[in-house]
Amino acid sequence: MAADLKKSLNDLKKLYGGLGASRKLIIAGVVAIALSGFTYLILFGQQMDFDYLFTNLADEDAGQIVQILKDKQIEYVLEDNAIKAPREQVYELRMLLAAEGLPSGKGVGFEIFDSQKLGTSQFVQDLNLSRALQGELSRTISQLDKIEVARVHLVMPKKTLFKEDQTEPSASVVVKLKVGKTLEKSEVKSIIHLVASAVEGLDARSITVIDSNGTMLSQAAGDEAQIWGSSPLEYKAKVESELARNVEEIISRVVGLGKVVAKVTVELDFKKEEKTEELFDPDQVVVRSEKRTKENRANSEPAPGGAPGTASNTPAGPQAGNNQNSKAEAERDLINYEINKVVRHTIRAAGDMKRLSVAVLVDGTYSIEEENGQKVQKYHPRSDAQLAQIADLAKKAVGFDQERGDAVAVTSVAFETSAMSDEDLNFSFMDRYDFILPTLRYMVIFVVALLAVFVLFRPLIGWVIRFHEEERLREIEVQQEDVVKSMEEQLLEVRKTIEVSTVEYKKQLQDLAAKAPDLVVAVIRQWVNAED
């Protein structure tokens with residue numbers, strides 16, 4: 001065994017010594033790469049492959065999970081608010097920890113009522129309810145895709161006997177967004193309504209949402225900042241920017257991109273007015289109701305007369321004196337009139353546009369002309385008709401109102417097109433195309449890999465194949481030589497055998513002819529007759 005190994009090593013030395021310098025270099029590179037690969041496998045191949053079990057864990061949850069992993073003797077890696085476990089056991093561990101109620105999330109939820117002590121005061125009960133609501137809302141909001149962590153603070157006043165003494169509840173929500181994520185207004189509104197629906201008596205206008213940077217994400221309903229932004233000046237700048245963009249967009253379709261600049265200045269009225277009017281028109285009278293009453297009355301009675309006493313007052317007694325007749329008429333008219341009445345309630349919102357001014361700069365046209373034997377670019381201003389058309393387009397784009405005193409000015413000037421300095425160009429190029437360097441780095445790696453394949457590995461593989469083919473051809477040649485030599489030896493032996501056999505046959509025939517000549521003669525005659 002040792003002799004064979006020594007022989008193999010000697011053969012390798014002879015083979016390596018007979019190679020050229022380029023082939024020796026290739027073999028050395030391959031050996032170096034192989035050794036590096038084996039070293040990597042030895043150092044890192046034995047390390048276990050870990051994957052994230054949970055991320056963004058609360059300190060309490062992380063401690064409980066680590067203790068469970070230690071008890072079960074499972075390897076883990078603890079990082080910043082995250083725990084890694086062996087990749088093949090991640091899903092099994094998640095199910096196991098879910099059965100234990102982990103992770104429970106940051107803060108406490110309604111599980112705070114799972115262990116209640118006797119004699120707990122009403123104050124502690126109310127405090128635990130507030131803590132539970134805050135914890136449950138924080139967990140729910142933290143489950144949104146764009147939110148990493150959320151905290152909710154609730155103010156829940158005690159209920160009073162009289163409504164006028166009751167204080168409304170309020171809430172504050174602090175969210176920490178994931179890297180590169182932003183919340184849309186609809187998403188902020190959803191969070192506000194989620195909190196308002198979860199707390200009894202909480203109005204959405206009493207909820208404030210901010211992010212971890214202190215930026216206000218929500219505004220109370222009716223707040224002026226919700227309409228104007230952070231200030232009226234910001235709203236004014238927004239209106240001017242939007243109108244200028246409209247002007248540039250429509251005119252650039254006519255004169256070309258980069259050949260128009262528009263600036264708009266607006267004068268806004270931020271006064272908010274509310275007016276109620278009641279107008280009466282005495283000339284327009286309408287009969288609402290009419291009632292006429294007429295009364296006629298007639299009365300006939302005897303006049304008192306006769307001697308005073310009983311006899312004159314008895315019915316059967318003689319009547320004395322004369323009869324009196326009376327008539328009465330009464331007529332009453334009641335007419336109700338309705339006067340025309342108009343009630344107007346006018347609310348004029350703030351931000352009404354009082355006046356606007358528009359300034360538009362338009363680049364002219366250019367032509368290539370020859371001056372002093374050289375071709376130069378010559379500027380041509382736009383005609384008055386073109387400027388009038390552009391002004392008309394600008395008026396339509398901003399909602400021009402002559403009665404309001406709006407003004408639009410359009411001027412054709414040559415734009416500055418001088419080249420920037422090399423330093424500015426380099427800065428602008430690197431600033432705009434900063435992705436080129438990483439791309440070039442990956443391209444260089446790719447090119448080096450291709451060169452390694454085609455310059456190093458491909459020739460090496462071809463050389464190995466040719467070497468094996470040459471070795472095989474040499475083996476075939478040796479085998480052929482051995483076969484030829486063996487055949488020659490066998491042929492020589494056959495010839496010797498034939499020569500020996502011929503001598504023996506001759507001697508036997510001579511002995512036979514001497515012993516039986518008649519038989520030999522008969523055989524020869526038979527051969528002769530057979531040939532005839």
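## Exercises on local structure and salt bridges

In this structure, Gln73 sits in the loop that runs between α3 (59-71) and β2 (77-79). Here helices (H or I, at least four residues) and strands (E, at least two) are DSSP runs numbered from the N terminus. The model is a predicted one, in which local features need pLDDT of at least 70 and side-chain atom pairs count only at pLDDT 80 or more, while totals for chains, interfaces and linings use all residues. Residues are numbered from 1 along each chain as its sequence is written, and side-chain values use heavy atoms, with hydrogens and water left out.

**Exercise 1.** Describe the backbone phi of Gln73 and state how Gln73 counts in terms of accessibility.

Step 1: Gln73 is a residue other than glycine, and its phi has a positive value, near 55 degrees. As background, a negative phi is what most residues other than glycine have.

Step 2: Gln73 counts as exposed because its relative accessibility is 74%, where exposed means over 50% relative accessible area, buried means under 20%, and partly exposed is in between (1.4 Å probe, protein chains only).

**Exercise 2.** Locate the salt bridge of Arg139 and Glu136, and say for each residue whether it is buried or partly exposed.

Step 1: A search of the whole structure finds 12 salt bridges, each being a side-chain nitrogen of Lys or Arg within 4 Å of a carboxyl oxygen of Asp or Glu.

Step 2: In one of them the side chains of Arg139 and Glu136 meet, with 3.6 Å from N to O, and both residues belong to helix α5, where they stand 3 residues apart, about one turn of the helix.

Step 3: With a relative accessible area of 16%, Arg139 is buried, whereas Glu136 is partly exposed, its value being 24%.

**Exercise 3.** Explain which parts of the chain are tied together by the pair Glu187 and Lys146.

Step 1: Glu187 and Lys146 form a salt bridge in which the closest N and O atoms are 3.3 Å apart.

Step 2: Glu187 lies in helix α6 (residues 185-198) and Lys146 in the loop between α5 and β4, so this pair ties together parts that are 41 residues apart in sequence.

Step 3: Glu187 is partly exposed, with a relative accessible area of 26%, and Lys146 also counts as partly exposed, at 23% relative accessibility.

**Exercise 4.** Work out how Lys236 and Glu240 are placed along helix α8, and how each is classed by accessibility.

Step 1: The closest N and O atoms in the salt bridge of Lys236 with Glu240 are 2.6 Å apart.

Step 2: Because they are 4 residues apart in helix α8 (residues 232-255), Lys236 and Glu240 are separated by about one helical turn.

Step 3: Lys236 counts as partly exposed, since its relative accessibility is 24%, while Glu240 is buried, with a relative accessible area of 15%.
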